[in-house]
Amino acid sequence: MNKPIYILGLSCFYHDSAAVLLRDGEIVFAAQEERYTRKKHDEAFPKSAIAHALEHAGITANDLNAVAFYEKPMLKFFDRILQTTMKVWPRGLRQYHLAMHEWMPKKLWTPQIIQKELGYKGKIFYPAHHESHAASAFFCSGFPDAAVITADGVGEWATTTIGHGQGKDLKLLKEIRYPHSLGLLYSAITYYLGFKVNSAEYKVMGLAPYGEPKYVEQMRQLIDLKPDGSFALAMQYFTYEYGLRMTGKSIETLFGKPTRDPESPLEQFHKDIARSLQEITDEAMLNLARAAKQLTGSKYLCLAGGVALNCVSNGKILRSGIFEDIFIQPASGDAGGALGAALMVWHKQMQGERLPRMQHTYLGNAYSQEEIEQFLKDQGMPYDTVALHDLPQYVAKLLEGENVLGWFQGRMEFGPRSLGNRSIIADARNPENWKKVNLKIKFRESFRPFAPTILEERTKEYFALDRESPYMLLVADTLPDKRREIPAVTHVDSSARIQTINRNQNALYYDLLKAFEASTGCPVIINTSFNVRGEPIVESPKDALNCFLHTHMDYLVLGQCVIDKKKLPPEWKRSSEEYLKQFALD
Amino acid sequence: MHIPVPLRRLYDLWMRFSQVLGRIMSTILLTILWIFVFGLYAIILKCMRLVSRQSSKETYWIDVSDHSTEMRYQF
């Protein structure tokens with residue numbers, strides 16, 4: 001019997017470090033470092049994620065056949081960064097100093113750091129950044145042949161690419177280079193609207209439905225969109241090439257208002273800007289989709305890169321009918337680059353066989369019932385135990401009683417979304433839950449919508465969506481006759497960012513929804529990530545208990561253990577303010 | 001390296017001073033590099049851009065279909 005082939009994929013040193021372990025091409029483990037260090041978007045070398053991956057597989061670094069890093073650091077530094085330094089000279093001295101202090105002691109020594117941290121002396125591979133993104137989508141899609149679009153801030157030089165995947169082969173065909181970038185355009189407007197760059201772009205997407213597209217013409221002055229899908233930014237409006245900020249006075253003059261101070265009140269103007277940006281992004285992505293179709297002739301499309309997390313654009317691409325089906329990598333950001341890098345080595349270097357479509361993202365740590373009970377006993381925490389076959393009905397009853405629950409089960413999700421294993425769940429029929437969960441549990445901005453999980457077989461009854469959406473990456477309208485039934489997950493423009501669930505993907509979560517449906521007739525619940533604002537999604541029972549105690553959740557379901565906040569003795573009362581202080585606002 | 005106990009405090013202070021000095025020196029040296037090396041190249045590149053013809057853009061795509069997909073190296 002052949003020894004299994006282990007490939008470790010890594011991403012780090014920019015944002016969203018992650019480690020992914022493949023065994024004979026199959027994903028054995030995948031996790032982001034932030035979940036262990038509790039530092040959101042942690043960019044440090046993913047020591048903890050790697051340790052958990054190796055432990056999960058029962059191997060050491062000596063058993064690895066290859067390590068794959070998600071980009072080419074030397075190309076990035078000696079080509080793009082230094083060339084940009086010369087291009088913008090005599091501006092950019094501060095940025096130059098910051099870059100040098102980052103790169104010279106750390107990022108230029110990536111192979112040495114990998115070898116030292118892992119105790120590994122074998123081969124290290126470096127696919128290009130956008131190759132890693134493209135691979136993370138195409139090789140997980142199950143499509144034999146597909147067009148691939150990647151779009152993000154920037155990799156080495158490329159910011160947007162169109163490629164073609166066929167069988168085990170994947171080739172990038174065209175690219176757009178820095179500084180022209182859809183991701184950086186989105187980040188620049190995120191900055192202009194007073195939100196945190198590389199962190200809060202999805203908030204701008206959520207804000208857009210509150211606005212009108214009044215500034216689309218001004219947006220067209222920022223970006224020249226060509227019919228062939230290509231584009232260029234008008235760099236006189238952006239300062240990120242040479243400065244420490246994304247935009248300056250020019251953009252304020254263009255829109256007629258200054259940059260919004262973070263945490264200051266949002267005005268209708270800001271919502272209109274968000275909406276106008278979304279319109280332009282949709283147009284750019286649709287142009288890219290048409291260009292990809294023309295270049296490749298494929299029936300299917302794969303999407304990856306940070307911009308692929310824009311599920312509003314994704315929904316429009318799907319409904320355009322340009323492609324028969326699309327697959328979006330659930331970990332579309334740089335964490336997914338670790339996955340793509342490993343897959344590039346497996347398929348292109350080792351000619352490994354293709355595997356079927358990725359069915360779920362439950363790829364991180366799990367905790368056994370014994371571990372959970374031992375933890376709670378060690379804490380002196382009172383809890384009830386519910387038999388596994390009774391758990392769905394028990395929890396469904398709690399949901400029906402207008403409670404908000406922390407739900408911690410099985411293996412942790414990989415990627416930015418919680419999909420039913422590390423989730424806060426509540427009744428979508430109760431409009432009060434929108435405000436309660438936003439303000440009293442997640443302590444986040446009140447305009448932010450919530451996403452629904454729905455039984456896959458009933459999706460078409462509730463949403464204008466005719467296919468599965470297991471990763472919450474597609475937005476579609478709630479059907480008119482259902483909007484009043486599920487107000488807590490219907491956004492102001494009647495849209496919803498949908499997660500469909502079937503029993504093969506997550507049996508317990510599916511059974512919970514079935515039990516809720518049996519009791520209420522409604523197959524939909526609120527599913528939001530199990531964390532507060534600025535905090536990474538919880539990883540362990542300890543994280544879950546901390547979050548539960550310091551927020552206004554009513555129940556915590558850890559495995560088969562149920563903790564009722566009302567029954568806790570007074571000594572378990574905790575302050576939310578103290579808890580929130582440890583997390584930087586995102 | 002074995003530091004005798006009476007000298008440990010002095011050693012710590014000296015190492016902290018060396019960190020500060022290192023940052024000052026590297027900032028000075030990097031700035032000199034930025035002015036005289038990057039600056040020189042930058043001026044030459046800007047002059048070359050001034051004299052080169054700016055073609056009108058029908059497309060912003062760059063064709064990379066014949067680019068190498070070699071993964072062994074960081075370049």
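**Strand pairing, core and interfaces in a predicted model**

Modeller: To begin with one pairing in this predicted model: A:L405 has A:Y555 as its bridge partner in strand 20 of chain A.

Biologist: In what sense do strand 14 and strand 20 of chain A pair?

Modeller: They pair in the parallel sense, over 4 bridges, with strand 20 covering residues 555–558.

Biologist: And in what sense does strand 14 pair with strand 15 of chain A?

Modeller: That pairing is antiparallel, also over 4 bridges, and strand 15 spans residues 422–427. Within strand 15, A:R422 stands opposite A:F408.

Biologist: Which residues lie on each face of strand 14, and are they buried or exposed?

Modeller: A:L405 and A:W407 lie on one side, A:G406 and A:F408 on the other, and all of them are buried. Both faces of the strand are therefore covered. In a regular strand, side chains alternate between the two faces of the sheet.

Biologist: What is A:L405 in contact with, leaving aside neighbours within four places in sequence?

Modeller: A:L405 is in contact with A:V395, A:L398 and A:L399, with A:I424, A:I425 and A:A426, and with A:M553, A:D554, A:Y555 and A:V557.

Biologist: Which residues touch the most other members of the largest nonpolar core?

Modeller: A:L405 is one of them, together with A:A19 and A:A342; the core has 187 residues. Helix 11 of chain A, residues 268–296, gives the most to this core, with 10 residues.

Biologist: Changing topic: how many helices and strands does chain A have?

Modeller: Chain A has 20 helices and 21 strands. Its radius of gyration is 23 Å, close to the 25 Å that the globule rule gives for 586 residues, so chain A is as compact as a globular protein of that length. The C-alpha trace spans about 65 × 60 × 45 Å along its principal axes.

Biologist: What share of chain A counts as buried?

Modeller: Of its 586 residues, 54% count as buried. Among contacts between residues at least 6 apart in sequence, 73% join residues at least 24 apart.

Biologist: Which domains does the assignment give for chain A?

Modeller: The assignment gives domain 1 (6–133 + 332–349), domain 2 (158–163 + 174–328) and domain 3 (369–581). The C-alpha centres of domains 1 and 2 of chain A lie 26 Å apart. Their contact takes 15 residues from domain 1 and 16 residues from domain 2.

Biologist: Which elements give two or more residues to the domain 1 side of that contact?

Modeller: Helix 3, helix 4 and helix 6 (129–141) of chain A do. By class, this side has 1 nonpolar, 11 polar and 3 charged residues.

Biologist: And how many residues of chain A are in contact with chain B?

Modeller: There are 33 residues of chain A in contact with 21 residues of chain B. Strand 8 of chain A supplies the largest share of the chain A side, 7 residues. That side has 19 nonpolar, 5 polar and 9 charged residues.

Biologist: Last one: where does A:Q115 lie?

Modeller: A:Q115 lies in helix 5 of chain A, residues 110–118. A:Q115 is partly exposed because 16 other C-beta atoms lie within 10 Å. Not counting residues up to four places away in sequence, A:Q115 touches A:Y120 and A:K121.

Technical notes:
Residues numbered from 1 in each chain as written. Chains lettered and ligands numbered in written order. Predicted model: local features only at pLDDT ≥ 70, side-chain atom pairs only at ≥ 80, totals over all residues. Buried ≥ 20, exposed ≤ 12 C-beta atoms within 10 Å, placed from the backbone. Contact = placed C-beta atoms within 7 Å. Nonpolar A, V, L, I, M, F, W, Y, C, P; charged D, E, K, R; others polar. Core = buried A, V, L, I, M, F, W, Y, C linked by C-beta atoms within 7 Å. Domains from an automatic or database assignment. Rg over C-alpha atoms; globule rule 2.2 N^0.38 Å. Pairing = 2+ DSSP bridges.
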